[in-house]
Amino acid sequence: MAVRILAGLQYFFLAYTLAIGLAYLLLNLIALFAVKNYMGMQRYDAFLQTFSDFEPPISILVPAYNEELTIESTVRSLLQLSYSNYEIIVINDGSTDNTLPLLIDKFELLRIPESYNRKLETKAVRGFYLSTVYPNLKVIDKENGGKADALNAGLNAAMYPIFCSMDSDSILERNSLRRVVRPFLNDQRTIAAGGTIRIINGSEVKEGHLLKAGLPRKLLVRFQIIEYLRAFLFGRIGWTPINCLMVLSGAFSLFRKDKVIEAGGYKTGTVGEDMELVVRLHRLLRRKGEPYRITFVPDPICWTEAPADLATLRRQRIRWQRGLGESLALNLGLLFHPRGGLVGWVAFPFMLVFEFLGPFIEIAGYAFVTIGLVMGFVSYQIALLFFALAVGLGVLISVVSLLLEEISFHIYGEVRQILGLFIAALLENFGYRQLISWWRLQGVLGSLLSRRVEWGQMKRLGDWAKSA
């Protein structure tokens, strides 16, 4: 009996590793065709820019908690966007550092009386500020309530029908807003759209404008660049054509304000408020039978700072995994719902089995095969096949992601940059990816045990912003 169980586990881990690899390769294939089609339509971009007066006005919401190192660069990058009509609302979520005084000083803010329709409940607002130099820049000062609460406060004050959520340690390229809004112009069913997140560490920034994309010296950050390429160029592009995209980055996403308010706004008390909102929109609109589109647009770029030390990266990945678990648990009614469509019958099970439970199965597989090899109940052939699938498919997907990046968008143009990323794409599969899975497993266990996780603060270096 024990022999049968051990043999069954061997084939289970092999089958799971093969299945997740093939699933990602299928997403890669879909993404390749989608990117090719998208790049072929770029000739319309100049046409859309000609008719900029038809662009819908947008409210940009920037929640900030203790972001004195980067908030000035972020705001300056937003002030120089190539867009016809937009407002910037920075929400100071009870910062204990110099965030608010710095904003008041650098942008000549004046406190103003303001009344607004409080559609969503939030922590108390302490004051409103308006820049005397930049009339489209506002600042809300409120009691600390977390990122979701800050975004809801911004939604209450937002003037325009579409809003953009931004992180306060990020900058947008000048044409990013114009590009990411295109799905709203092309298809009236669009309720949300997101752009690509790139890592700014090692880049050159001046006055909120990216002058040159560079590579960070730390291999740890280069590994994250490869991860982001996989996540955005394949993961999100691959789900978009079948309207099954379940994740839009909170660092750069657009939403129809009325749909978000109708859905109840961002859910406080969660650590994955951005993903939870997207999954909730899927669930509510699928059940109502209302046509909608949630889209990823690959070329609008938001540059953000990535963790440069292991402790900060660990906290981030545990928090992300917790957010994934919360998003799925709070919207479990979408899973296999009669009206769930492909998102309820394909994307949701994929996220549950491969993304949420994946770290547990992956770590268990590594442990089982390693221990079995030492104790003799796993053969060398089975062990070799398992590690070849686990590592080999990972290397293949990472290298293909890098190749697609260079063929399509070519952000990193120097040979030494491409070579550096290629080496990172190979090395990340030998230790780094397994370490990330171990941290994600901790997030899974924390989610199942319902341990509370706060929004928290990422350790910032802010080197890229020092010359801004």
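User: How many aromatic pairs does the count come to?

Analyst: The model is predicted. Rings of Phe, Tyr and Trp pair if their centres lie within 6.5 Å. By this rule the count comes to 17 aromatic pairs.

User: What kind of aromatic pair do Phe 223 and Tyr 432 form?

Analyst: Their ring centres are 4.8 Å apart, and the planes make 40°. Planes under 30 degrees apart count as stacked and over 60 as edge-to-face, with the rest called tilted. The pair of Phe 223 and Tyr 432 is tilted.

User: Which parts does that pair tie together, and how far apart are they in sequence?

Analyst: Phe 223 and Tyr 432 are both buried. Phe 223 belongs to helix H8 (residues 219–239) and Tyr 432 to helix H16 (residues 432–448), so the pair ties together parts that are 209 residues apart in sequence.

User: Are Phe 350 and Phe 354 buried or exposed?

Analyst: Phe 350 and Phe 354 are 4 residues apart in helix H12 (residues 341–356), so about one helical turn separates them. Their rings form an edge-to-face pair, 5.1 Å centre to centre with 65° between the planes. Both Phe 350 and Phe 354 are buried.

User: Which residues do ring pairs link into a cluster with Phe 350 and Phe 354?

Analyst: The cluster is held by ring pairs and includes Phe 350 and Phe 354.

User: In what order do the 10 strands of the open sheet run?

Analyst: The chain has 16 helices and 12 strands. In the open sheet of 10 strands the pairing is mixed. The order is E3-E4-E5-E2-E1-E6-E11-E8-E12-E7.

User: Which strands stand at the edges of the sheet?

Analyst: An edge strand here has a single partner strand, so one side of it is left without a neighbour in the sheet. Neighbouring strands are turned by 30° against each other on average, direction ignored. The strands at the edges are E3 (109–112) and E7 (170–172).

User: What is the bridge partner of Tyr 129 in E5?

Analyst: Strand E4 (residues 125–131) and strand E5 (residues 137–142) run antiparallel. They are joined by 5 bridges. In E5, Tyr 129 has as its bridge partner Val 139.

User: Which strands does helix H3 touch?

Analyst: Helix H3 (residues 71–79) packs on the sheet. Its direction makes about 15° with that of E7. The strands touched by H3 are E1 (58–64), E2, E5, E6 (162–166) and E7.

User: How far apart in space are Leu 385 and Leu 14?

Analyst: Leu 385 sits in helix H14 (residues 380–408). With a relative accessible area of 42%, Leu 385 is partly exposed. Leu 385 and Leu 14 are 371 residues apart in sequence, but their C-alpha distance is 7.9 Å.

User: Which element has the lowest mean pLDDT?

Analyst: The chain averages a pLDDT of 87, with 92% of the residues scoring at least 70. Strand E2 (residues 86–93) has the highest mean among the elements, 97. Where pLDDT is low, predicted coordinates should not be read in detail. The lowest mean, 50, belongs to helix H2 (residues 44–50).

How values were computed
Residues are numbered from 1 along each chain as its sequence is written. This is a predicted model: local features need pLDDT of at least 70, side-chain atom pairs count only at pLDDT 80 or more; totals for chains, interfaces and linings use all residues. Side-chain values use heavy atoms; hydrogens and water are left out. pLDDT is the predictor's confidence in each residue, from 0 to 100. Helices (H or I, at least four residues) and strands (E, at least two) are DSSP runs, numbered from the N terminus. Two strands pair if DSSP finds at least two bridges between them. Axes are lines fitted to C-alpha atoms, for helices over the stretch in contact, and angles run from 0 to 180 degrees between N-to-C directions. Contact means heavy atoms within 4.5 Å. Rings of Phe, Tyr and Trp (its six-membered ring) pair if their centres lie within 6.5 Å; planes under 30 degrees apart count as stacked, over 60 as edge-to-face and the rest as tilted. Buried means under 20% relative accessible area, exposed over 50%, partly exposed in between (1.4 Å probe, protein chains only).
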